[in-house]
Amino acid sequence: MYITDLYSISPQKTFDNSIFEGEVEAFFGNKYYAIEPNYAELIPKGLLRRMGKAVRLGIGAGMPLIKKQNDIDGIILGTASGGLDDCIKFLNQIVEYDEGTLTPTNFVQSTPNSIAGHLALMSKNSGYNNTHMGMGLAFESAILDAFLLFEEGEVSKLLIGNVEETSEHNHNIDTFAGYFKDTEITSTDLLNSNSKGSVRGEGSALFIVSKNKENAICELADVHQFTYPKDKDIEKRAIEFLEKNKLAPNDIDGLILGFSGDNRYDFWYNDLMNSFPEANVYTYKNLVGEYATASGFATWLGAQILNEKNIPNEAIYKKTNKSPKSILIYNNYLGAQHGFILMKGI
Amino acid sequence: MKKVFVTGMGVISAIGNNTAENLDHLRSGKTGIGPAKYVKSNYGQSHPFAEVKLSTDELKSQLNLKTTYGLTRTDYIAFTALKEAIAHSNITPEQVSSEQTAFISASTIGGMCNADELYEDANLISSGSEFVESYTGSTHTLKIAKEYELSGIVDVINTACSSSANTIMLGAKLIKSGRATRAIVGGTDSIGKFSINGFNSLQIMSDTPCAPFDANRKGLNLGEGAAYLILESEDIVGDKETYAEILGYGNSNDAFHPSSLSEDAVGVVECISRALKSAQINPSEVDYINTHGTATGNNDMTELTGINKVFNGFPPFNSTKSYTGHTLGAAGAIEAVYSILSINNNELFPSLNCNTPIEPFNEFPIKEHKKAEIKTVLSNSFGFGGNCSSLIIRGTECEKVAMVECNNEKKHD
C-alpha cells in the first residue's frame with residue numbers, strides 16, 4: 001500500500017512541520033507531552049471541552065487529512081490504552097460519589113474505539129471501522145488489517161494510524177510497573193543513560209493509505225510481528241522478513257530503531273544495527289518518548305526521510321554514504337512484543 | 001481464498017461453565033440472569049446480573065496455570081473457555097504455539113473488574129498492587145500468550161460491544177489470505193463497578209431480567225463470560241471434525257452518535273449487507289438470526305428496522321442475551337458459539353421475556369425450543385462508537401458431502 005498523506009501530533013512540532021526547520025524541543029524528566037495544534041477550526045468549542053485527550057489527538061490529526069480527501073473507505077487505528085484517562089476519571093467519580101448519579105461522558109469515551117468512532121461520526125463515514133489495542137503491536141496490527149482489507153478488493157483508500165495519550169493516572173500505574181527511570185534526566189541524555197526504564201511520550205500519527213501508487217509519497221510495503229520470542233536472534237528474523245519481500249540485507253539503507261534508553265531492552269536494537277553496518281540509523285524516542293504505539297511515529301519519520309526532508313540531527317544516530325530508499329523500522333515494547341515495518345521510496 | 005472452518009469451541013457464561021452446560025440451558029429456556037452473588041457494587045442487590053456461577057478462586061483452582069500473579073476474574077474466565085476450545089479442537093501444545101497460529105482476542109473491561117485496586121493504583125493511594133499490568137483490555141491476551149507460549153500474530157481488537165465478532169472476522173481473514181493456517185479467536189469480560197455504573201449512567205441498565213424485542217423493555221442486564229473458537233484453514237483441517245464454516249463478515253460504522261444507533265439503521269444495514277456480499281449469498285438463504293438484541297430501547301428498534309430493510313421481513317430470530325445478559329467484549333464470540341450449536345443440532349432456542357412485540361413490526365422472536373433445518377446463520381453485534389459487525393456462519397454438512405463427491409470424482413479421473 002502507498003502513503004499519500006500524513007499528519008502527526010507529537011512532543012515535537014510535527015503538526016506544522018517546523019521540526020524540519022531546526023526547531024527541536026528538549027525535555028527534562030519522565031513525561032514528554034505533545035505540542036498540540038490549535039483545534040479551534042477543527043472542533044467546535046463545546047465538543048472540544050468534553051473531549052478526552054486521546055480522542056482530541058486522534059481527531060486533531062485525522063480530520064485535517066479527511067477534510068482534504070473525504071472519499072476514504074474506512075478507518076483503522078491502533079491505540080494501546082485509548083482514553084484510559086477517561087476510564088480513571090469515571091472510576092474516580094464512581095468512588096467519590098459512592099456510585100451515585102454520574103455523567104456518562106467519560107464512560108463513553110473510555111473505550112479505545114471511541115477515537116475511530118468519533119472520526120467516523122465527524123466525517124459521516126459508514127465504512128470499515130476497526131481499532132486494535134494489542135499494546136506494543138496495536139499499530140502494526142492496524143497496518144496488517146489494512147493490507148487484508150485492500151487484498152479483499154472492496155476498498156482503495158483508508159485512514160490508518162496510532163494514538164496514545166499521557167495522563168497522571170496511567171503514568172502512576174506504569175510507574176509502579178517499573179516502566180520509567182528512577183532519576184530525571186534530559187532527553188538529550190536519554191539514549192546513553194544506560195539505566196533501567198524509559199520515559200513516557202504520547203501523540204498521534206495518521207496516514208491516508210491507498211492501494212494505488214498515484215500521488216504516493218512512499219510505499220508501506222509490509223509488516224511483521226512476533227511476541228515473547230524464545231531466541232534473541234533478531235538478525236535472523238529481520239533477514240527472513242526481508243527475504244519474504246525479495247530484499248537482501250544490503251538493500252536496506254535506513255534503519256529506524258526504537259532505542260529508548262532502557263538498558264533492559266536496548267540490546268535488541270544494537271544487535272540489529274550491527275547486522276546492517278551500511279545502513280543509516282535513525283532514532284526517535286529521544287524526541288517523542290516511549291509509548292506502546294510509538295512505531296506510528298517511526299512510520300511518519302520514515303515517510304519524511306524517504307522524501308528527503310531536513311531530518312534533525314537529534315534523530316540521526318549514524319550516517320553513512322547511502323541515501324535511504326528502503327527503510328526497515330524495528331520496534332519492541334518491553335522486550336515482549338516485536339514489530340517490523342518495511343517502507344520504500346517512490 | 002482459503003475456506004475457514006471452526007474445529008473447536010469453548011464457552012463459559014451465566015448458563016454454564018462449558019459448551020454442554022450452555023446448550024442444556026438454551027434448550028430448556030433456563031436463564032442465567034438473577035440475583036448477584038459475587039458483584040461488589042451498590043447495585044448488586046437492586047439489579048439482576050448474569051454472573052458466571054463460580055467464584056474467582058474456584059475458576060482459578062480449575063485451571064492449573066503456570067503463574068497466577070496479577071490475574072483477574074476476566075483472565076480466569078478467558079483461560080477457562082480457551083482451555084475447552086483447545087481440547088475440543090484436539091490441537092497439540094506445539095500447534096498452539098506455532099508461528100502459523102494467530103491469536104486474536106477482545107475484552108472491554110479487562111482487569112478493570114478490580115476497580116478498587118485500579119482506583120488505588122491510579123491515584124497513588126496504594127504502593128502498587130499486583131495488578132498494575134492487568135488493567136487494560138489487552139493484558140489478558142499477553143498473559144495467555146505467555147502461558148501457551150504463543151509465537152504467531154497476537155492481536156487485540158476493541159470495537160466496544162462488537163469486539164469479539166471482529167476477532168472472528170480478522171482471524172478468518174488471516175487464514176483466507178494465507179498469513180496463518182490457524183487462528184484462535186474470541187473474547188472475555190467480567191462484571192465490575194465500572195461497567196455497572198457506566199451503563200447505569202446511560203440509564204440503560206434494567207432492574208428486571210431483560211426483555212429483548214418486547215415493547216416494554218427496560219434495558220440490558222450485564223453479564224460475564226468468554227468464548228473462544230479455533231479456526232483452521234481447509235489446507236490443514238484434513239479429516240478432522242468441523243463444526244461450521246466462517247462464510248462471510250461485514251463491518252461498518254453507523255456514524256450517528258457516540259452511544260446510540262441511528263433511527264434509519266445505516267450501520268446495521270451496511271454490516272449485514274456487506275456480510276451477505278462477502279458470503280456470496282442471498283438474504284433468503286439465512287435460516288436464523290442471532291441478534292445483538294440488548295433489550296435497550298434504541299438497539300432493538302434499530303436492529304429490527306435494519307433487518308427489515310435487508311430481508312424485507314424477518315427470518316426466525318432470537319436474543320440469547322436473555323440468558324447470558326450482555327457480556328460486552330465476549331458477546332460476539334459467545335453468540336457465534338450458540339449459532340453453531342443451532343446449526344449442529346438443527347434447533348432453535350427460545351428468546352425469553354418478550355410478551356408484547358414492538359410496533360410497527362409486530363414480530364415475536366423465537367418463542368419455543370424447536371427443531372428446524374439450520375444451515376446458515378447471521379449473527380449481529382453492535383457497539384458504542386457506532387461499530388457494527390455481522391458474521392455469516394454456515395454448517396459444514398453440505399460442505400463435507402461436496403468434498404466427498406469432489407474426491408470421488410477425482411478418483412474416477
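The axes of helix 3 (residues 73-89) and helix 6 (residues 139-147) of chain B come within 10 Å and cross at roughly 50 degrees. Axes are lines fitted to C-alpha atoms, for helices over the stretch in contact, and angles run from 0 to 180 degrees between N-to-C directions. Helices (H or I, at least four residues) and strands (E, at least two) are DSSP runs, numbered from the N terminus.

This is a predicted model, in which local features need pLDDT of at least 70, side-chain atom pairs count only at pLDDT 80 or more, and totals for chains, interfaces and linings use all residues. Residues are numbered from 1 along each chain as its sequence is written, while chains are lettered from A and ligands numbered from 1 in the order in which they are written.

Helix 3 of chain B passes helix 6 of chain B in a right-handed crossing. A crossing is left-handed if the near helix is turned anticlockwise from the far one by less than a right angle, and right-handed if clockwise. Helix 3 of chain B brings Thr74(B), Asp75(B), Ala78(B), Phe79(B) and Leu82(B) to the contact, and helix 6 of chain B brings His140(B), Lys143(B) and Ile144(B). Residues are in contact if their C-beta atoms, placed from the backbone, lie within 7 Å. Four of these contact residues are nonpolar, two polar and two charged. Ala, Val, Leu, Ile, Met, Phe, Trp, Tyr, Cys and Pro count as nonpolar, Asp, Glu, Lys and Arg as charged, and the others, Gly among them, as polar.

Two further pairs are set beside this one.

| Helix pair | Axes come within | Crossing angle |
|---|---|---|
| Helix 3 and helix 6 of chain B | 10 Å | roughly 50 degrees |
| Helix 10 and helix 11 of chain B | 8 Å | roughly 45 degrees |
| Helix 8 and helix 9 of chain A | 9 Å | roughly 55 degrees |

The crossing of helix 10 and helix 11 of chain B is right-handed. Helix 10 of chain B touches through Val268(B), Val269(B), Ile272(B) and Ser273(B), and helix 11 of chain B through Thr302(B), Glu303(B), Gly306(B), Lys309(B) and Val310(B). This contact has four nonpolar, three polar and two charged residues.

In chain A, helix 8 passes helix 9 in a right-handed crossing. Ile234(A), Glu235(A) and Ala238(A) of helix 8 meet Trp268(A), Asp271(A), Leu272(A) and Ser275(A) of helix 9. By class, that contact has four nonpolar, one polar and two charged residues.

**Sheets**

Chain A has an open sheet of eleven strands with mixed pairing, in the order 3-2-4-5-1-6-11-10-7-8-9. Two strands pair if DSSP finds at least two bridges between them. Strand 3 and strand 9 (316-318) of chain A are the edge strands, each pairing on one side only. The twist averages 25 degrees from one strand to the next. Strand 10 (residues 326-333) and strand 11 (residues 337-344) of chain A pair in the antiparallel sense over eight bridges. There, Ser326(A) has Lys344(A) of strand 11 as its bridge partner. Helix 5 of chain A packs on the sheet and touches strand 2 (74-78), strand 3 and strand 4 of chain A. The direction of helix 5 makes about 155 degrees with that of strand 2 of chain A.

Chain B has an open sheet of ten strands, also with mixed pairing, in the order 3-2-4-5-1-6-12-11-7-8. Strand 3 (154-156) and strand 8 (317-318) of chain B stand at the edges with a single partner strand each, so one side of each is left without a neighbour in the sheet. Strand 11 (residues 376-382) and strand 12 (residues 387-394) of chain B pair in the antiparallel sense over seven bridges. Asn380(B) stands opposite Ser390(B) in strand 12 of chain B.

**Domains and chains**

Chain A is divided into domain 1 (2-210) and domain 2 (218-344). The bounds come from an automatic or database domain assignment. Their centres, taken over C-alpha atoms, are separated by 21 Å. The contact takes 42 residues from domain 1 and 39 residues from domain 2 of chain A. Helix 6 of chain A gives the most to the domain 1 side, with five residues.

Between the chains, 52 residues of chain A are in contact with 57 residues of chain B. Helix 3 of chain A supplies the largest share of the chain A side, seven residues. That side divides into 27 nonpolar, 20 polar and five charged residues.

Methods:
Two residues are in contact if their C-beta atoms, placed from the backbone, lie within 7 Å.
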